[in-house]
Amino acid sequence: MTNKIRTVDVIIVGASLAAAAAAKRLHDAGFETLIIEKRELPRHKICSGILSPRGHRFMLENFGPIPQQALHAPTACRGVTFHFPSMVSMSMDFFGGTTPHLHRKYADHWAIEASGAEVQDQTSFIRMQPQGDDQIVTTRKKGGVEVQFKCRYVIGADGPSSPVLRALYPDYPQQIPWFFVGQKFHEIIDCPLDDEYFHFWFHPELGHYTWSHARDGRQIVGVGFKRGDNFHQRHQRVANYLQDKHGVRLKPADADHEGCAENFGPSLINRYVFGKGNVLITGQAAGFLNMIGEGMSCALHSGAIAGEAIIESAIHNRALQPLYRDMVSTEVRRTTDQWNPLKIAFGRPHEADFPAALMALPLKDRLKILRDMWRFACLYKEFKWGREIMRESIARLKHGHYLSKRWL
Ligand SMILES: Cc1cc2nc3c(=O)[nH]c(=O)nc-3n(C[C@H](O)[C@H](O)[C@H](O)COP(=O)(O)OP(=O)(O)OC[C@H]3O[C@@H](n4cnc5c(N)ncnc54)[C@H](O)[C@@H]3O)c2cc1C
């Protein structure tokens, strides 16, 4: 342990997209901002990498054109195709044209560097301790050396398992259901799935989250389920299904499969976590996740808002938490609207036109889809989210926004 403590204005934990957006705001406003990242940069991030049009606009406006190296092949995605057990499929194009297929390893690193903030990689957040108006943050460098920093503000942009969130609320991980998502990569023998689209299955027997798409000459087969089940068996079931029902012929999976824990759920039921005092939580750590697991656009926007809230609080000497919660409510509205049945039926909360795609199908297929979606939704019955989603939808209708009293 060293005795000399360096002081900075803000420490951001995690060097991903929420961090890049927060750092950009803070650095531009002249705040001394240090990003710490536990991995070596550029680091791998498990992700399909389909950036939504809104996320794409944010990247262009804040960091500039995305470099070629930060893209996978195919470099662009046209939209999403939903597949149903009744063998009806429905494609939807993104509003405004194709979006980039990000190679997260390089895209995140590029955005972090473009933020202008200082980054220390191979540096893990361990704990923090309030000291007057400041926080003493203890980090551990690769090799085990602990280094402390003093800062006025901390931002936890450290993803679903957020150690910063757990430092504030040690019991939180026990309060929410956890999911596992895993993907395997296959060389392709024959794949009739259109490689310009991200494919998603609303099939309760395949899992809570089942997807496939092309990447760099291989086909990804991904599956998500409640934590505790067997990834390899789940994956095999999906691979067999794709072969039997869609004629997708793939070689056995390559060795580089991967998976991670996901905190899917808080955005559906308006149960976000935004922090305490001078510690803000943002991005997926806060619970932001859009429909079909799209999390980059809300990570970018919520991260930027966390940075802006700190600037506003410091300049106008206003309490940080109420300010952040007030400012981030716009992003809560956008994200939770995506899961709100009233918004889905009567609004257009997504970045592709689901109602128009549905109405373009013959009536008998529409009815099949609605029945299949209902059966898929029943898969989530055990989490008892249905009633909470309806209550939040009604609150949204009545107040025009989601109620902040549900947030931690
Ligand atoms: C299989 C899969 C597919 C997905 N596909 C898509 C998609 O196509 N489109 C989309 O928009 N979203 C997708 N997502 C979701 C998206 O990846 C996330 O929502 C998004 O990356 C969240 O960004 P973030 O900045 O909040 O955190 P993250 O990207 O999770 O980054 C957190 C960072 O914090 C670091 N960190 C963690 N602990 C510590 C510590 N103790 N000290 C220091 N650093 C730490 C991590 O190493 C990481 O770099 C997918 C997710 C998965 C799992």
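Modeller: Leu408 lies in the segment that comes after α12 (385-399), and the model in which it is placed is a predicted one. Leu408 has 17 other C-beta atoms within 10 Å, so it is classed as partly exposed. Apart from residues up to four places away in sequence, Leu408 touches Tyr169 and Val273. Its C-alpha atom is separated by 24 Å from that of Ala15, a residue 393 positions away along the chain.

From there I turn to the ligand. A total of 38 residues surround the ligand, and the closest are Gly14, Ser16, Gly159, Gly283 and Gly295. Sorted by class, this shell holds 18 nonpolar, twelve polar and eight charged residues. At least two shell residues come from each of α1 (17-28), β8 (123-131), β11 (179-190), β16 (258-262) and α7 (296-316). The largest share, three residues, is supplied by α1. Because domain 1 (6-76 + 98-163 + 281-337) and domain 2 (179-262) both give residues to the shell, the ligand lies between them.

The centres of domain 1 and domain 2, taken over C-alpha atoms, are 29 Å apart. Contact between them involves ten residues of domain 1 and 14 residues of domain 2. On the side of domain 1 that touches domain 2, there are six nonpolar and four polar residues, and no charged ones.

The loop between β18 (279-281) and α7 holds Ile292, a residue other than glycine whose phi is positive, near 50°. Ile292 is partly exposed, because 16 other C-beta atoms lie within 10 Å. After α7 comes Asn317, again with a positive phi, near 50°. Asn317 belongs to the loop between α7 and α8 (320-337), and it counts as exposed because it has 7 C-beta neighbours inside 10 Å. Most residues other than glycine have a negative phi, and most peptide bonds are trans.

The peptide bond from Leu41 to Pro42 is cis, with omega near -5°, and Pro42 sits in the loop between β2 (33-36) and α2. A cis peptide bond also joins Ala73 and Pro74, where omega is about -10°; Pro74 lies in strand β3 (residues 71-77). Helix α2 (residues 53-63) has Arg54, Gly55, His56, Phe58, Met59 and Phe63 buried. These buried residues pack against β6 (99-102), α3 (104-115) and α7. Gly64 follows α2 and has a positive phi, near 95°.

The largest nonpolar core has 89 residues, of which Ile11, Ile12, Ala19, Ala22, Ile35, Val154 and Ile155 touch the most other members. Helix α7 gives the most to this core, with nine residues. Domain 1 and domain 2 each provide at least three residues of the core. In soluble globular proteins, nonpolar side chains tend to be buried together. Val154 illustrates the local packing: neighbours within four places in sequence aside, Val154 is in contact with Ile11, Val13, Met128, Gln135, Val137, Val164, Asn278 and Val279.

Finally, Gln219 gives a view of strand β14 (residues 218-226), in which it is found. With 25 other C-beta atoms within 10 Å, Gln219 is buried. Its contacts, leaving aside neighbours within four places in sequence, are His186, Ile188, Cys191, Ser212, Ala214 and Leu250. Of these, Leu250 is 31 residues away in sequence from Gln219, while the C-alpha atoms of the pair are 7.8 Å apart in space.

Technical notes:
Residues are numbered from 1 along each chain as its sequence is written. This is a predicted model: local features need pLDDT of at least 70, side-chain atom pairs count only at pLDDT 80 or more; totals for chains, interfaces and linings use all residues. A residue is near a molecule or strand if its C-beta atom, placed from the backbone, lies within 6 Å of it. Helices (H or I, at least four residues) and strands (E, at least two) are DSSP runs, numbered from the N terminus. Ala, Val, Leu, Ile, Met, Phe, Trp, Tyr, Cys and Pro count as nonpolar, Asp, Glu, Lys and Arg as charged, and the others, Gly among them, as polar. Domain bounds come from an automatic or database domain assignment. Two residues are in contact if their C-beta atoms, placed from the backbone, lie within 7 Å. A nonpolar core is a set of buried Ala, Val, Leu, Ile, Met, Phe, Trp, Tyr and Cys residues joined through C-beta atoms within 7 Å. A residue is buried if 20 or more other C-beta atoms lie within 10 Å of its own, exposed if 12 or fewer, and partly exposed in between; C-beta atoms are placed from the backbone.
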